[in-house]
Amino acid sequence: MSTQAFLKRQTVSSFDRGRSHTNISSKKTFSLKESVNFQQSKYILDLLFQNLVFWKTEQNNLVAFGIKYNKTLKWFHAEKTDLEALYRELHTRIFFGNISSIYESQEVIGAGASCKVYKVVNKITRYEFASKCIRKDYIFNKKNQERYNRLILEIELMKLVDHNSIVKMVDLYEGEKSYYIIMELLKGETLYQFSKKTQLNLLQIKLIMSNCLKGLCYLNFHNIIHRDLKLENLVLLEPNKVETVKIIDFGLAIPLSTPQRQICGTPGYIAPEMFIDKYPYTAKVDMFSLGVIFYRLLSRKSLFSGNNSDEILENNKKFRCNNHLKDCSNEISDLLKQMLQKDPNKRISPEQALRHPFFDDTISGDLGVADESPHEIVRAFPLIKPMQITNSNENISDNKIQVIRGSQPSFEQSIGSNYSPSFDDINKKSRNGSDHIIE
Ligand SMILES: Nc1ncnc2c1ncn2[C@@H]1O[C@H](COP(=O)(O)OP(=O)(O)OP(=O)(O)O)[C@@H](O)[C@H]1O
Ligand SMILES: [Mg+2]
């Protein structure tokens, strides 16, 4: 089977998973500023389910699920295997409540502008995971719903992806003060930390680049733009094993169909076309960021320098590049040049890059579509079957509730062939308090 066909099959099965839920509904209206296209909006349906589903355990086994009804939490007891099947069916489609019934929190393993990431252990399976904890006061501190919409979009897009080079989402929880995205645990360091303390050899750089390029092929195929590729958002699954590097952090990712195009990303990694007001940039922006990463891994220096992020941003905008790589091979400099092409139309695609002579056959052969993840709690659970409620403390009648969904016409890409970016048009930027910017 061709890689394309295989990827396609994966997509179909993902969408099949989303289908059986049209009866779960909500009164809440919902509109994503950065809207998703029609197909993806099927997924949003699930997260519109306002009720959290709670889990009750005894001796680390599921014994009941609970739903709040008329402000009271109603518990429904059932067989362990049925509850596990329900868990398996619902996980990542809706938020679950009371995270501490299933997960035990351990040390902080990372932090970002909007979150803390903890190592957690699933009490039932004893598998370890990472929990990205996003505080609600951060999400709701602006009058508009923008941050909430962004969080939902991050979740929706993570739900779509299933690839060896991309971190997997496992569960979603909502607490009183925070949202939690449970992911597979990446036990190694970020590439930022790792490359600081280790001089990578060429083979290691090839492995990292080929992994990331395979991840980008996959994201391209699914029409997802990551928009924040950088060393801090590449993490090793296994300590010191660069071939296990994975892309994380879909906090700024959008579907290609999103009509709006904001300047966003991290100063020093931003593609030139992003600085052009309302320019309909594409997934090629991620290739540029990966080019910056490539340069950094080769030279251990930044492509755009500066004493602070404003200066870096300014150099990034004006395309004032450093060049510390005067003696590198033709192959390297050719690939680098093609990845850092100012004109996105001339910039190399991830598929083309993987075929570049820089990569030999041994590492560019397969596109790395994921096997079933051994990390998911649900793998240990049986397939869904009709559920026997053995004891409930109240019958909830079927509530017919209407769901309002938005669908956006897909965005037409219209990039002129003789594009040449003009940075004079840039006059606005804003910060979200971190090193990455969102306009
Ligand atoms: N699955 C994971 N396993 C191990 N560590 C992780 C995992 N996910 C994130 N981290 C660590 O936590 C850090 C922050 O996570 P992430 O990049 O997702 O958040 P962020 O940068 O705050 O994103 P945003 O501000 O866009 O929400 C990462 O740089 C990494 O060190
Ligand atoms: Mg990050």
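This is a predicted model: local features need pLDDT of at least 70, side-chain atom pairs count only at pLDDT 80 or more; totals for chains, interfaces and linings use all residues.

Modeller: Strand S1 (residues 53–58) pairs with strand S2 (residues 61–69) in the antiparallel sense, over six bridges. Two strands count as paired if DSSP finds at least two bridges between them. Residues are numbered from 1 along each chain as its sequence is written, and chains are lettered from A and ligands numbered from 1 in the order in which they are written.

Back to the hairpin. Glu58 has its bridge partner, Asn61, in S2. Two residues lie between the strands, and Gln59 takes a positive phi near 45 degrees. S2 then pairs again. Six bridges join S2 to strand S3 (residues 72–78), also in an antiparallel run. Here Tyr69 has Thr72 in S3 as its bridge partner. This hairpin has two residues between S2 and S3, and Asn70 in the turn has a positive phi of about 50 degrees.

Most residues other than glycine have a negative phi. Two loop residues also have positive values. Arg126 is not a glycine, yet its phi is about 65 degrees. Arg126 sits in the loop between S5 and S6. Arg126 counts as exposed because it has 9 C-beta neighbours inside 10 Å. Burial is a count of other C-beta atoms within 10 Å, with C-beta placed from the backbone: 20 or more is buried, 12 or fewer exposed, and in between partly exposed. Phe319 has a positive phi near 60 degrees. Phe319 lies in the loop between helix H9 (309–317) and H10. With 14 other C-beta atoms within 10 Å, Phe319 is partly exposed.

Now the ligand. Around ligand 1 there are 23 residues, and Gly110, Gly112, Ala130, Asp249 and Gly251 come nearest. A residue is near a molecule or strand if its C-beta atom, placed from the backbone, lies within 6 Å of it. Strands S4 (103–111), S5 (115–122), S6 (128–135) and S8 (178–184) each give two or more residues to this shell. S4 gives the most, with three. Domain 2 (104–185) and domain 3 (191–425) both contribute to the shell, so ligand 1 lies between them. Those bounds come from an automatic or database domain assignment.

Finally, the whole protein chain. It has 12 helices and 15 strands. Of its 439 residues, 38% count as buried. Among contacts between residues at least 6 apart in sequence, 69% join residues at least 24 apart. A contact here means C-beta atoms, placed from the backbone, within 7 Å of each other.

Key
Helices (H or I, at least four residues) and strands (E, at least two) are DSSP runs, numbered from the N terminus. Two residues are in contact if their C-beta atoms, placed from the backbone, lie within 7 Å.
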